[in-house]
Every structure is written in structure tokens, then in C-alpha cells.
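Please consult the sequence and the structure alongside the text.

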Amino acid sequence: MSRIRILSEHIANQIAAGEVVERPASVVKELLENSLDAGATRIAVQIEGGGTRLIRVMDNGAGMDEDDVLLSIERHATSKLRDESQLAAIATLGFRGEALPSIGSVARLTILSRPRDRETGTRAEVRYGRLHAVHEDGCARGTIVEIRSLFGNVPARRKFLKSARTELYHIEEVIRNQALASVDAAFSLQVDNRPILDLPGGGGVEQRVRDVFRCQDSLLPVDFTAGDEENGISLRGYLLQPDASSSRTNRLRILVNGRPVRDRMIRHGVVEGLQGFLMKGQSPAGALFLQLAPAEVDVNVHPAKLEIRFRSAQAVHGFVVQAVATAIRAYQEEVRSEIFSIPAAAPEQTPAPVFTAEARRPLSVSSPPAAGSVPMSGGPVGMPGSMVRRSAEPAASFRHDPAPFAAVKPPAGLADFTGLTLIGQFAKLYLLCEKDDRLIVIDQHAAHERIMYQRLRRDYLRRDIPGQNLMFPVSVELDPRQLETLKRYGADVALLGFAVEDFGESTRVIKAVPALISHLDPAEMLVEILASLCSAPRDDPAAVVPPRIDHLLASMACKAAVKAGNRLAPAEMLELLRQMKESELFSHCPHGRPVVKIFAKQDIEKWFYRI
Ligand code: ADP
Ligand code: MG
């Protein structure tokens, strides 16, 4: 007798279940896909006991007649694939014909279904892989699939399930992702009879993204296409604004040709495209839809089809980077015109800027700062005067870069060049401005930090961060670790604008410092930069600016920027606004905090019950 035997169908199903049915969420995923493949526009999911007691999915799709109900629970029975020629360009979500029999082999499965052209429906019950009962039953058009006692016959699998809360989280994730893939269908989720999710269909992609992420803020639209119709590739969707407090639900969801996937390469491309916009441990959030020729992707890598493979991964990566970077720029232009566009109204209709008498005095480079204020303009260093150069005064200047707020010209019409009317400074930190019935509040530190960062980043990419020679070089003692770091990253340190020379064993002489931070203590800055080079994020060879350098640029920008607590003269505020207007990116600081908040007059009127 031969030792090799064909597996019984029951065992084959159980093995398949091991791949397809990992946890309750994977059952939900398969059932949602089946409903959508059946053309459902309304899908309701009910869960009890974290999915182990009950998973019920009800749809208004095409339904099945008695023959099809019985076939659907047979292994390799599918209505979606007839011959192998269809395999390369499969349009349905399922096609293996494995899901229902696999699920049925590890649970109690009931299918109740009625197609449009039948008066009654069919109810079939499978218990742990064996057909238990089939009979006619009344039901609405569509299909109801119920799974009870999941893994009831496989205690080992059941033990591996996490808490009901964790399983529910995964179920919600599946529904959210599928809801993004099918924006026209309505999805709902009830857990132990309580409504948890309600995603009405038909509102379009943007509304679906808002619903899925529960997000009211403005979104960053992504819409980028390359190539022709046949070999084209497109990335569309919406990113959430960077937000330090992003939660688990606020993450990046990627769909490739309509299929939710996990893909590190695309994710990396998004992070790369957002470089300088999203920082310090923040992860991107939003929903992106990548569309490309089906032959360019192999979806068949993972049984649950979450992972995919690209034929030309490098090209796709580059495309994603470009698409996201373009979206960020477009978004900045939109905010820029919202804030800074010159209003169409005739000049005399624009309210005159309201300044105090002191503020109205002629503004010039040499005007002495008002009592208690810190000069940002005029001084030789052009930086807040409280930060006095300690060891290297005076500096011989070969600066290529104008100091941040130096030489403010008396503005002609105070509101004209920005389209904004400056009201004044609040709490020595916020610039209050007015424009077209809106109050615009700007965080002066965050704004200036972003401007400085953009400038540093640009200069770094041109390999041209201006250095400033010190008239009196500063010597500094370094410990062995610092010496080692300096040796290793010497080229980077030089690129940042430092000129450091050996002077004996552990002494180094600083002859030049980055111009932007030339008002700070050179030795302290060098030591700080060496320290952060040691602890900086791991380098990513694909990044435009190595993350460790980016990190340094951001901290240099932060140090160089005007601080909270600095009182600014009107001319300095206007200069900051002008620089903001001209900065490539300005809506968020390099750490992702917002720079600008806009309040509509109507909202303010509501505070006072005027409307
Ligand atoms: P696959 O989806 O890979 O074809 P399944 O085991 O998931 O395999 O489903 C088997 C078949 O049962 C499907 O091809 C489809 O014809 C039918 N079916 C499953 N669920 C539904 C449903 N909700 N509505 C209509 N038909 C369904
Ligand atoms: Mg299926």
C-alpha cells in the first residue's frame, strides 16, 4: 500500500484555514470581500465576544440560490475565476474559493441568502466542516453569513487569540480599510449591540477619509499622475496634517489598485516625500490610493493578500516620493494664498492697520528698540540681542546670508505686501493679523523656526551653509568620545558651516561657525552638535537629507529662531510675515506643530452670541 495519500477535503480545509483564518478580523475581511464582490452597497457587521462568539455580516448584494449556497462551501468553488487567463488581471477581491470552506472547517457557519429573482432564500449550516442542515427560509435580498464559536474545534488556535479588545481593534481596522477601498458602499459595525462605526457611502473619497480618520481639519490632497493611459501610474488620496498627538487610528493606509495593503516601500516613499514636514518620531497619516497596471503588481504573495510585490519597486518608490512632495508644496501654496493673497477689494476698503503711536514712528535700521524689547533688526548680528556672543566678539563677517530680520525697510503700506493687516503681538509670542473677516494667529517662534529650517535645508542641499569666520578662534577640549565623533563625522560638521582644526591631542580650535547661529557660544554649539550626531536617528541611505543631519538642521533652526517671549516691533513682525510669505514651506514648524491658526469672524461672533 502506498504511503502517500491525498488529504481528505476536511483536513485540506483546516490547513487552508490556518492561512486564511488567522483571527476574527481575517474572517471579517473575507466576508466583506465576498459581499463587495456580490455588488453589495450596504454591509452591516455585528460582533459579539470579540468575534469568537459571533461574527455576522449582512449585505444587500446579489445573493445566491440553493445550488450556489451549497457550492460556496465547497473547496475551490468560486464564481470569480473561470480559467487561468483571468488570473493576471483579477478584478474581484476573492478568487481562490477557499474562504467559506476554510472558515466553515473551524467554526459553526450559517449562510442565509436570497438572489433577486427568488421568492425565498436558502439557509445552510456547516458545523466544523460538515454540512449540518439545508432548508428554505425567508429572508431579504442579499446574504447573511454568521460565524459562531470560531476555533471551537481548534483550542490551540483559540488560545492564541488576544483579548477581545485587541481582536476588535483588528476588526475595526479591516472595516476602515475596506471602507476606504469601497467609498460608495455603506459600512456599519455593532459590537455587543452597540454601534461602533457608521460609515455612510456615497459622499466621495474625501468624506470617507474624514469619516474613517474622524478628522475635521483640512486635509492635504494628493493627486499625481505619470505615464500614459496604458502604463500610467497615479497616486491620489488625502494626508492628514502633521499632528504630534496622532493616535493609532491615524495612520497611513495604503491601497494598491483598490486593495488595502501593507507595504514598507510605499510607506517609505511617503515619509521621504514628507521630509522636513514631518519630524521626530511622527508617522504619516492618511489614505493613499496607488493605481498602476495590474501586470506591474503581484498580489498573490500573501494568502491574506496584504502584502504585494512590485515589478519595478524603485520606480514606484521614486514616484511616490515625488507625488507626496508635490502635494505638500501645492498645499503650502493654497495656505499661502489663503493668508497672503492681496485681497481683490479696492485699497480704500481695506481697513487701515491699527498701531499704537509708538509703532507708527518711522521704522528704520537704527531706531532704538522700545524698552523691554529685543532687537531683531539692525544689530550687527541681526539676532535677538539677549543672546550675546560670548567668546568671539566681534565677528568678522563674510556672511552670504542676510540676517533674519536685518535691515527692515519702512514698509510702504503696512498691509500691502502680505495682504495681511497686522493687529499686533499677543503674549510676546503670537502675531495677530486680520484678513477678509478672519483672525489669523501666528506662532512667531514656530514660524521663524520653519523659515530658518527651510533656509538651512536649502543651503545644505547646495552644500553651501554659510559659515562665519571667528575673529578670535575659540579652543575647546573634547573628550575621547567627542573626538571620535568629530573624526567620524568631520565632513558633516564642515558642511554645516563649522571650521574646526586640530590643536594638540584633545584640543580643537573653532575658526568658523554656521552664520545662522553665530550669536551663540561656538564651543557649546559644537559640543551639542557632536552629542546629537551620536544620538541622532539611524541613517537612511535613500533619504535626500540624511536623518541625522536633518535632525541637526532642525535644532539649529530652533536655536536661531526668535523665541517665545521676545517682544517684536511692528517692523519686525512685518518682516517675519514677509519671510513666511516667501518661505517654500511655512504652515508647520519642522517638528510638525502648526504655525498658523485661522479663526473665522463667524466663529468669534458665536462666542458672543451675536449670531
Ligand atoms: P472566493 O471569494 O475566493 O470565490 P469564497 O469561499 O469566499 O471564495 O466564496 C465562494 C463563492 O461563494 C464566491 O465565489 C461567491 O460566488 C459566493 N459568495 C460568497 N459570499 C457571498 C455573498 N455575500 N454574496 C453572494 N455570493 C457569495
Ligand atoms: Mg471570498
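Over how many bridges do strand β18 and β22 pair? Strand β18 (residues 438-443) and β22 are joined in the antiparallel sense over 5 bridges.

## Basis of the model

The model is predicted; local features need pLDDT of at least 70, side-chain atom pairs count only at pLDDT 80 or more, and totals for chains, interfaces and linings use all residues. Residues are numbered from 1 along each chain as its sequence is written, and side-chain values use heavy atoms, with hydrogens and water left out.

## The sheet

An open sheet is formed by 4 strands in the order β16-β17-β18-β22, with antiparallel pairing. Strands are DSSP runs of E with at least two residues, and helices are runs of H or I with at least four, numbered from the N terminus; two strands pair if DSSP finds at least two bridges between them. At the edges, β16 (421-426) and β22 (596-600) each pair on one side only. I440 stands opposite I598 in β22.

## Helices across the sheet

Helix α9 (residues 313-340) lies across β17 (430-435), β18 and β22, at about 75 degrees to β17. Helix α16 (residues 570-582) lies across β16, β17, β18 and β22, and runs at about 115 degrees to β16. Contact means heavy atoms within 4.5 Å; axes are lines fitted to C-alpha atoms, for helices over the stretch in contact, and angles run from 0 to 180 degrees between N-to-C directions.

## Cysteines

The count of disulfides (pairs of cysteine sulfur atoms within 2.5 Å) is 0. The sulfur of C558 is too far for a bond, because the closest cysteine sulfur, in C589, is 8.1 Å away.

C558 is partly exposed at 27% relative accessibility, whereas C589 is buried at 0%. Buried means under 20% relative accessible area, exposed over 50%, and partly exposed in between (1.4 Å probe, protein chains only).

How values were computed: Chains are lettered from A and ligands numbered from 1 in the order in which they are written.
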